[in-house]
Amino acid sequence: MIGLLFVLGLCPILWLIVALTLLKWPTWKAACGSMIVAFLLALFVWKLPVMETSTAALEGFLMALWPIVVVIVAAVFTYNLTVRTGAMELIKQMMTSVTSDKRLLVLLVAWCFGGFMEGMAGFGTAIAIPAGMLVGLGFPALFSCLVCLIANGVPTPFGSIGIPTVTLANLVGLENTYLSFTETLQLAPFMILCPFLIVMVAGKGVKALKGIWPIVLMSGVAFVFPQIAIAYFVGAELAVVVGSVCSMAVTILMSLKKKPDPAYQMDIQKGASLTLKKALVAWSPFICIFILLLSTSKLLPPVNSYLSQFASNVIVYSGENPNTLTFTWINTAGVWIFLSAIIGGLIQKANWNDFKTVFIATLKQMTPTILTMCFVLACAKIMAYSGMISSISEFAILVTGAFYPFIAPWLGALGCFVTGSGTSSGVLFGAVQMNAAEALHLNPYWIVALNSLGVGAGKMLSPQSIAIALSAVDGNGQDSKLLSMILPYGAAFLIIMSILAYVGTLFFGQL
């Protein structure tokens, strides 16, 4: 019976896989189907009454809309506005004027700038924009996609102002900062490894590290340690943003002092000279985001505690043991990002028509993502309240026992591979990981964080990531070729992650 309930409990997720991979449905349609499957199973198999099932779905919708959708729309709106005002072109020009050494250029654009775009906007921008920049500099299209996919995996749990980790923490009832800290510790070895892989791919082998390996090492170290500090003291929201900015600064400073190796030198046309004022204007929305999020975080308790009073607590689910939803109306990342976009846009001389046009275009652009988030979270809430998640967890623990931590990253990777989203992966499997941690008497922070660890591998291999990368370089139709190129990296990451997960549990995962 437990095996049958396990299979039935997986049906909403299995439907998602079938709809996306075989039927080629858009993600929002597939997610809607998953929600309907979960709704029917909850009613007829797990015997959850109609009212309870409906309010479970409603809780998922509300949780998706605030704060997740607000942050997503605000982040992409900020990026789109900087494109409209021309500021993004200036930022790109700054990135590519540092060095003519192609190894360091790829590192700066794919790793440093790509990490920054993931932290600020996410949702494909961190793959598409750097890949397009590299092709514009004269790099081959598939190569540009490959290095950007490698670079984009491990920052994903903190993308779009930390939404995947914030959502996961809220869903399973864990504290944001400590979960962010644990995730960063697990991801740290891979974040130091990624710059080396990127440079080796750029220079076709280990020999490419000759003469620049200290820069490559510091590019990873300067990303990881600031991220660890921000995750521990502030939370997920600014972890990758600060890490990428520090990595960018260190990599630029060290690259400026390094004479390009003739074997790797590129002929790059220099743009018009940039003044400090132009640079500050171009970066102004992102500087504002950084200042506002930092100044309203727990680093400044008086401000944080004062703003936290502007919140509403609501119980939506009508059944037993309901969760309390907290709607924070002012001190939430989406509000500060919107405000920063407006301030930055005004500094960049955007007019009312620019704001209106960009906002409407952003809403149209993000509508499928908004629907996906709503349907996936509704599905997850139905699965959690009905008992489907418990059935999946029970069977997984029964089969794997003490070896469960070894497969935990595979669940995160599967969720991200199927949906293309670190947030959706956490929503689909976060509760499974939490239940497993409780049943095995393991540290819930360590086990739940393993889901995000697997996301780092799943994001590289996701068909959606591959499609986004190819669309940015006009390489449509080469999906299978790019998948064969990225597959060894994603598979190796996942195997190493599983070993780290199991061994790490022995030392850090015990209660």
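Let's start inside this predicted model, with helix α12: its buried residues pack against α3 (50–85), α4 (87–96), α5 (102–120), α8 (159–172), α11 (239–256) and α14 (333–347).

**Helix α12 and its kink**
- The buried residues of α12 include Trp283, Ser284, Pro285 and Phe286.
- At Ser284, shortly before the proline Pro285, α12 has a kink of about 60 degrees.
- Helix α12 covers residues 276–295 and spans only 24 Å between its end C-alpha atoms, while a straight helix of 20 residues would span 28 Å.

**Salt bridges**
- Side chains of opposite charge can pair when their charged atoms come close.
- The count here comes to three salt bridges.
- One of them joins Lys381 and Glu59, at 2.9 Å from N to O.
- Lys381 sits in helix α15 (residues 352–386) and Glu59 in helix α3, so this pair ties together parts that are 322 residues apart in sequence.
- Lys381 counts as buried because its relative accessibility is 4%, and Glu59 is buried at 0%.
- Asp354 forms a salt bridge with Arg84, with the closest N and O atoms 2.8 Å apart.
- Asp354 is buried, with a relative accessible area of 13%, whereas Arg84 is partly exposed at 41%.
- Asp101 and Arg103 also meet in a salt bridge, at 2.7 Å from N to O, and both residues are buried.

- Helices α17 (404–419) and α21 (479–508) each give two or more residues to the patch, and α21 gives the most, with six.

Conventions
Residues numbered from 1 in each chain as written. Predicted model: local features only at pLDDT ≥ 70, side-chain atom pairs only at ≥ 80, totals over all residues. Heavy atoms only, no water. Helix = DSSP H or I, 4+ residues; strand = E, 2+ residues; numbered from the N terminus. Expected span 1.5 Å × (residues − 1). Bend = angle between axes of the 7 residues up to and from the residue. Buried < 20%, exposed > 50% of the residue type's maximum accessible area, 1.4 Å probe, protein only. Contact = heavy atoms within 4.5 Å. Salt bridge = Lys/Arg side-chain N within 4 Å of Asp/Glu carboxyl O.
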